[in-house]
Amino acid sequence: MSQIKIAPSLLAADFARLGEEVARVESSVDWLHLDVMDGHFVPNLSFGIPVIAALREKSDLHFDCHLMTTNPDAFLPELAEAGADLVTMHIEAIPDPTAALQRARAENLGAGLVINPGTPVGAVEPFLELVDVILVMSVEPGFGGQALIPEVLGKVEKLRETVENRGLTADIEIDGGITPANIGSVAAAGANVFVAGTAIFGAEDPVDAVRELRRIIEEND
């Protein structure tokens, strides 16, 4: 399986001091997960390119930008300039993402696809050779703090099986409701990138929280 990566979701951080929040976890995590929402594809607004650019000045983390937007490929050059490393785009927004993935590559961005809880794995299977990561939403996208939908773990298992059978190296990422109580079963299903918001930024000691999540994952490896 691909390398385990912990990606705290900035959506759960204190927006009044984002730089400090990122600095608290930087040495203990692998990626920073940045949810860009447009208020149209999902019923919420979060942050955009100026915030990403400002954080890039403060952090060397791998910026994993999850584009919850109707036109996820509209701002790829601007995202690259702001310091994004990876963009993930919803298959529900672009049912044929081939051109969008190619545009991301042209900007030297890593590229991936996202599937919502109700979307079957078959929607992304034709494009697995084109992506660096497949992100499985384990909650309905748009708001943090939701409980994980356990039925999505079957999709993680299916994706892991397909990726390995095809000899691919794509990461399988999961986002939504990840906690110490369920991360073991998520790891056992085949995910290797874990987005956790409240479980990290909401903890009294975020670094200890990350350490505990890693310990549980390793027990299920």
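Helices and strands here are DSSP runs, numbered from the N terminus. By that scheme, alanine 111 is found in strand β5. The model is predicted.

**Nonpolar cores**

- In soluble globular proteins, nonpolar side chains tend to be buried together.
- The largest nonpolar core holds 62 residues. Leu10, Leu34, Val87, Leu159, Ile174 and Phe194 touch the most other members of that core.
- A second, separate core has 6 residues, including Ala7, Trp31, Leu86 and Val193.
- Leucine 10 contacts Phe15, Leu18, Val22, Leu32, His33, Leu34, Phe47, Leu55 and Phe201, leaving aside neighbours within four places in sequence.

- Alanine 111 counts as buried because its relative accessibility is 0%, and the cut-off for buried is under 20%.
- Leaving out residues up to four places away in sequence, alanine 111 touches Leu86, Val87, Leu101, Ala104, Arg105, Val131, Asp132 and Val133.
- Aspartate 132 lies 21 residues from alanine 111 in sequence. Their C-alpha atoms are 5.7 Å apart in space.

**Alanine 104, helix α4**

- Alanine 104 sits in helix α4, which spans 98–106.
- Its relative accessibility is 0%, so alanine 104 counts as buried.
- Beyond its neighbours within four places in sequence, alanine 104 is in contact with Leu76, Val87, Leu109 and Ala111.
- The C-alpha atoms of alanine 104 and leucine 86 are separated by 8.7 Å. Along the chain, these two residues are 18 residues apart.

**Leucine 86, strand β4**

- Leucine 86 belongs to strand β4, residues 86–90.
- With 3% relative accessibility, leucine 86 counts as buried.
- Its contacts are Trp31, His62, Phe63, Asp64, Cys65, Gly110, Ala111, Gly112 and Val133, with neighbours within four places in sequence set aside.
- Arginine 214 is 128 residues from leucine 86 in sequence. The C-alpha to C-alpha distance between them is 22 Å.

**Second largest pocket**

- The second largest pocket has a volume of about 170 Å³.
- Its lining consists of Val36, Met37, Asp38, Gly48, Ile49, Leu67, Thr69, Asn71, Pro72, Phe75 and Leu79.
- By type, the lining residues divide into 7 nonpolar, 3 polar and 1 charged.
- Glycine 48, one of the lining residues, is placed in the loop between β2 (31–37) and α2.
- Glycine 48 counts as partly exposed, at 23% relative accessibility.
- Between the C-alpha atoms of glycine 48 and phenylalanine 15 the separation is 13 Å. The two residues are 33 residues apart along the chain.

**Buried polar and charged loop residues**

- Serine 59 is in the loop between α2 (49–56) and β3 (62–68).
- Serine 59 is buried, with a relative accessible area of 2%.
- The serine 59 side chain makes a polar contact with the side chain of glutamate 26, at 3.1 Å. The serine 59 side chain also reaches the backbone nitrogen of leucine 61, at 3.1 Å.
- Not counting residues up to four places away in sequence, serine 59 touches Val22 and Glu26.
- Aspartate 73 lies in the loop between β3 and α3 (76–82).
- Aspartate 73 has 18% relative accessibility and therefore counts as buried.
- A polar contact of 2.3 Å joins the side chains of aspartate 73 and arginine 103.
- Aspartate 73 touches Met89, Ala100 and Arg103, not counting residues up to four places away in sequence.

- Most residues other than glycine have a negative phi.
- Asparagine 108 has a positive phi, near 60°.
- Asparagine 108 is in the loop between α4 (98–106) and β5 (110–115).
- Asparagine 108 counts as exposed because its relative accessibility is 72%, and the cut-off for exposed is over 50%.

Conventions. Residues numbered from 1 in each chain as written. Predicted model: local features only at pLDDT ≥ 70, side-chain atom pairs only at ≥ 80, totals over all residues. Heavy atoms only, no water. 1 Å grid on protein atoms, 1.4 Å probe; cavity = no way out; pocket = protein on both sides within 12 Å on 5 of 7 lines; lining within 4 Å. Points joined across faces, edges and corners; volume = space filled by probe spheres on them. Nonpolar A, V, L, I, M, F, W, Y, C, P; charged D, E, K, R; others polar. Helix = DSSP H or I, 4+ residues; strand = E, 2+ residues; numbered from the N terminus. Buried < 20%, exposed > 50% of the residue type's maximum accessible area, 1.4 Å probe, protein only. Polar contact = N/O pair within 3.5 Å; in protein donor to acceptor, adjacent residues only side chain to side chain. Contact = heavy atoms within 4.5 Å. Core = buried A, V, L, I, M, F, W, Y, C linked by side-chain atoms within 4.5 Å.
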